[in-house]
Amino acid sequence: MTYHSTTIFLLIALFVLNTNGPANAQEDLSELHRIAVNRASEKVAPSIIQIETIGGLETVGDTQTSSAPTTALIVSSDGYALSSEFNFVKIPSAIFARLDDGQRVNVSIVARDKNRKLVLLKLDTDRTFPVPEFALRDSLEVGQTAIALGRAYQHDSINVSTGIISATHRVWSKAVQTDAKISPANYGGPLVNIHGQVIGLLVPLSPRGNDAVAGSEWYDSGIGFAVTLKRVIEKLDVLKSGEDLQPGLLGVSFKGTNMYRGQPEISVCPGHSPAGQAGLKPGDVITGIDGQRIIRQAQLRHAIGPMYAGDQVSVTVLRDDRETTVTATLVDKIAPFQPRSLGILPEKNKPGVIIGSIIKDSPAAKAALAPGDRIIAIDDVPVSSVNDIVNVVVGREIGSEITIKFVRENQTSSTKLNVGLQTGQSVETSAERPNDRTVESLVSPIKIPEFANEAFCYLPSRGQDELLGLMVWVPEAGPVNHEALWQQWQTSCEEFGIGLLVPISTDRKRWTPDEEEFIAATITECSNRFDIDPSRVAIGGKATGGSMAALVASQNRESVRGLAIIEGAIPRAAASMATDPNLPLFMYFGAIKNSEGEKNVKAIGERMQKNHFPVHIDLQPENPSWPELLARWLNTIDRF
Amino acid sequence: MNTQTTSNATSPTTARWACMAAIAAIVFAWTASAPLHAQFERFDTVDRIVQPKMVKIYGAGGLKGLENYQSGFLVSEDGLILTVWSIVLDADPVVVILNDGKRHDAKLVGYDPRTEIALLKIDGAALAHFDIGESIEREELAIGARVLAFSNLYGVATGNEPTSVLHGVVSAKADLDARRGAFRTAYSGPAYFVDAMTNNPGAAGGAVTDHQGNLVALIGKEYRDRLSNVWINYAIPISELTSSINAIKNNEPLETTNQRPPAEPITLDLLGIVMVPDVISKTPAFVDRLIADSPAEQQGLKPDDLIIEINGKMVASRKDVIERLNMIDRIDTVEMTVRRDREILTIRLNAR
């Protein structure tokens with residue numbers, strides 16, 4: 001009997017043990033985690049400095065600035081520290097460092113890293129500081145513990161947020177992404193791993209915007225970035241000397257507009273650019289950067305993204321089935337692209353490229369070309385579309401000579417001409433519509449899922465295989481009588497073979513920026529549903545409608561080839577549009593002579609001309625028929 | 001089988017007893033070494049212990065971004081509930097729904113505008129609750145300590161659904177300096193800043209516990225940090241609220257903020273300081289000039305000095321300087337930290 005009771009006792013004892021043992025382990029896990037995080041934080045803490053700023057702007061753009069203490073990380077024992085540019089956008093009048101013993105020292109900004117949005121600070125003190133250990137980029141893995149540290153609250157303690165590494169190469173490989181809470185409480189502080197090694201410096205970043213406050217609206221969101229510092233540390237002496245670091249540019253444009261699909265085949269390579277100087281040419285396909293294999297354009301951006309102006313990079317290209325490697329030195333500025341012009345308007349609705357008309361005093365006018373000629377090659381590169389021609393011509397310097405091979409009355413010949421500058425000036429044109437237009441005119445409502453807005457597409461009667469131009473006319477906000485609008489446009493649209501797309505805002509008073517997506521979607525929908533010639537798609541509007549049109553154009557360059565604004569302005573978000581060899585954009589600015597609108601229109605017109613866009617400024621006497629003028633203009637934006 | 005001889009019977013029996021005693025000792029030592037509530041650390045167990053103490057509160061509001069719900073928790077077995085004082089409680093009745101889905105009409109016992117807390121009372125008996133006394137005795141949480149935040153953020157939980165649980169760590173412990181719009185919050189004592197997303201509609205009044213489910217702090221209302229302008233995730237330690245809670249419970253007078261300015265504060269005039277005028281509200285605090293033979297002049301302050309700190313608090317503008325001096329009694333010493341050219345010095349001033 002005693003034998004049994006011992007066994008029972010043992011079983012009970014084991015039972016009690018079981019309910020307590022594992023629980024002990026669970027408690028220890030939380031505590032162990034805290035201890036490990038603490039140890040890592042304490043290791044770096046002596047290199048984390050509290051920064052106080054006094055004075056400066058209260059708002060920068062739409063963002064309110066902060067007057068709370070911020071953080072910096074020591075990178076040189078003699079008192080140099082890196083911090084986030086965000087902490088200094090308000091341009092403070094005085095900057096101090098509050099050391100952990102309470103002492104205050106002066107701090108000055110020495111230089112900026114414009115690529116990673118950092119500032120280099122110098123602490124005015126003889127005291128020396130420990131430089132932290134940095135983690136090797138290769139050792140980083142998604143899922144590893146990431147600890148975000150700052151010193152924004154007390155000068156004698158660190159504030160902590162924990163999370164994991166979410167991604168290792170973000171924002172063109174400049175940053176590591178974490179889900180630790182990143183905010184002004186730790187901008188300028190380090191992101192460290194469980195060993196207390198610095199992964200990077202915490203900064204607000206956005207893959208879309210590039211100004212100093214971009215990405216700061218994502219604070220405490222679960223997405224946060226830390227820029228890696230290896231390259232910055234390598235260039236620390238440059239920063240220490242007071243020189244800013246700029247992102248490095250190679251100075252090439254590539255064929256195609258989809259950087260995720262397209263291979264990096266150079267289409268534009270100006271002679272004065274780093275690529276041009278290194279000996280690269282249009283037609284070369286980049287296959288490697290610094291030994292790293294490159295297959296898509298996006299990979300190139302990842303490779304060059306972290307580099308600075310002044311950096312040397314080795315570029316491997318494939319040319320005529322052979323690979324060569326050259327060395328290029330990146331620069332901080334490349335002159336903007338100047339659109340090319342040969343002075344030709346193509347015939348509409350015909351296969352291949354047939355000259356419809358030649359613009360007066362243009363390069364084509366000086367060559368031995370005539371309407372009806374079919375162009376088949378440029379500099380021995382066969383061409384069968386306007387796009388093909390543009391791809392070759394953008395790679396040629398302005399003023400350089402090209403050879404055009406063409407067919408006239410079954411005879412092939414060639415002629416030379418010098419590539420000209422596309423100024424966008426108004427040109428004569430006439431309607432070329434087929435005689436039998438058997439497809440009825442129609443009006444079609446366009447509905448886009450997820451958007452409450454309405455849009456209507458009016459098409460004139462047309463031929464079976466005829467391609468129409470498309471005028472996207474953005475009315476001013478509020479309810480619109482689109483039938484009446486069509487009445488105004490119908491004659492001109494019938495004359496030139498143009499469809500009219502009218503998007504309508506949901507708010508009675510104004511267009512909101514997010515409605516840009518709706519308008520873009522209607523253009524795509526129209527282009528898919530009907531036979532629209534992509535080289536004759538323009539968007540325009542009057543006053544606020546024109547401003548909205550400009551916004552849509554700036555965000556959707558691959559969908560529109562013309563922008564027309566009547567007596568309106570270009571919103572700030574769109575005013576910094578830049579020319580792109582792959583995405584031509586012809587601009588038309590119209591106003592009544594001697595009106596208030598004339599001044600504005602001349603101002604934006606001249607501004608866009610300075611940015612090298614082809615611009616036509618049209619000042620009309622009282623009561624012009626804008627639909628007629630715009631339809632005529634739209635008929636010419638397929639020129640090359 | 002009774003085959004053992006009596007002479008040998010004693011040693012095996014003693015051995016057995018010795019074994020059992022040894023096992024008992026080990027078991028006793030083992031269970032004693034583990035904390036009493038060791039069985040509560042598994043998260044699902046913690047959740048099961050805490051949720052019955054949480055309540056969902058519904059009241060006034062529901063217009064223009066002011067939600068009509070918030071969170072709270074029981075602090076007595078007969079139905080006393082701690083929550084934040086807000087316009088949600090401005091209803092009659094305030095509806096409280098317990099974890100089991102039972103609905104109660106709650107009475108407002110009282111509130112304290114200084115700490116922005118309120119106590120509600122429902123009719124109940126033997127209700128699961130947090131013991132405030134025990135919370136106070138607990139040690140402060142260290143930075144990096146894991147916390148859980150229980151609340152009905154976004155009003156996701158309805159009826160007998162449990163409140164939502166968030167997790168994070170203590171990021172910092174510092175004085176709260178917060179605002180909503182232009183209104184500066186009354187409570188400026190210590191708060192836990194956490195990296196759990198407690199700054200969300202309906203979360204205020206919820207409970208922040210340690211990883212074992214012990215109550216540590218009350219989730220505060222949605223405020224921005226006054227200096228950095230960011231929305232803050234914070235909770236007020238229970239220890240900072242006890243006097244307030246007791247005063248409300250026992251219907252005693254509430255503590256007013258001991259931030260009352262002195263009857264005769266020190267002023268710039270008394271010291272003889274003329275500051276560079278406020279061009280914008282954040283003009284830094286530069287000394288323009290000093291009145292001849294004034295205390296400030298004689299005690300070493302100079303024109304063009306930039307005043308950075310007064311008696312331990314940073315001053316960013318002329319307005320800050322005046323506000324700060326207003327809290328210092330005329331007869332007290334003012335310790336001013338200034339920047340003069342590249343030097344940073346501390347000057348002690350007395351208005352004689």
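Predicted model: local features only at pLDDT ≥ 70, side-chain atom pairs only at ≥ 80, totals over all residues.
User: Is B:Ser171 buried or exposed, and how do you know?

Analyst: Buried means under 20% relative accessible area. B:Ser171 has a value of 9%, so it counts as buried.

User: Which residues does B:Ser171 touch, not counting those up to four places away in sequence?

Analyst: Its contacts come from both chains. From chain A there are A:Ile158, A:Asn159, A:Val160 and A:Ser161. From chain B there are B:Ile143, B:Phe193, B:Val194 and B:Asp195.

User: What makes the pair A:Val160 and B:Ser171 a polar contact?

Analyst: A polar contact needs N or O atoms within 3.5 Å, one able to donate a hydrogen and the other to accept it. Here a polar atom of the B:Ser171 side chain lies 2.5 Å from the backbone oxygen of A:Val160, so the distance is within the cut-off.

User: Let me turn to cysteines. How many disulfides are there over all chains?

Analyst: The search of the whole structure gives 0. Take A:Cys493: the nearest cysteine sulfur belongs to A:Cys457 and is 9.8 Å away. A disulfide needs the two sulfur atoms within 2.5 Å, so A:Cys493 is in no disulfide.

User: Are A:Cys493 and A:Cys269 buried or exposed?

Analyst: A:Cys493 has a relative accessible area of 0%, and A:Cys269 has 8%. Under 20% means buried, so A:Cys493 is buried, and so is A:Cys269.

User: Why is chain B called more spread out than a compact globule?

Analyst: For 352 residues the globule rule gives 20 Å, and the radius of gyration of chain B is 29 Å, well over that, so the chain is more spread out than a compact globule. Its C-alpha trace spans about 115 × 60 × 35 Å along the principal axes. Within this outline there are 7 helices and 21 strands, and buried residues make up 48% of the chain.

User: How do you know whether A:Glu598 is buried or exposed?

Analyst: A:Glu598, in helix H12 of chain A, has a relative accessible area of 13%, so it is buried, as the cut-off is under 20%. Leaving out residues up to four places away, A:Glu598 touches A:Ala591, A:Ile592, A:Lys593 and A:Leu619.

User: Which residues of helix H5 of chain A are buried, and what covers them?

Analyst: In H5, residues 297-304, the buried residues are A:Gln297, A:Ala298, A:Leu300, A:Ala303 and A:Ile304. Their cover includes strands S15, S17 and S18 of chain A.

Methods. Residues numbered from 1 in each chain as written. Chains lettered and ligands numbered in written order. Heavy atoms only, no water. Buried < 20%, exposed > 50% of the residue type's maximum accessible area, 1.4 Å probe, protein only. Contact = heavy atoms within 4.5 Å. Helix = DSSP H or I, 4+ residues; strand = E, 2+ residues; numbered from the N terminus. Rg over C-alpha atoms; globule rule 2.2 N^0.38 Å.
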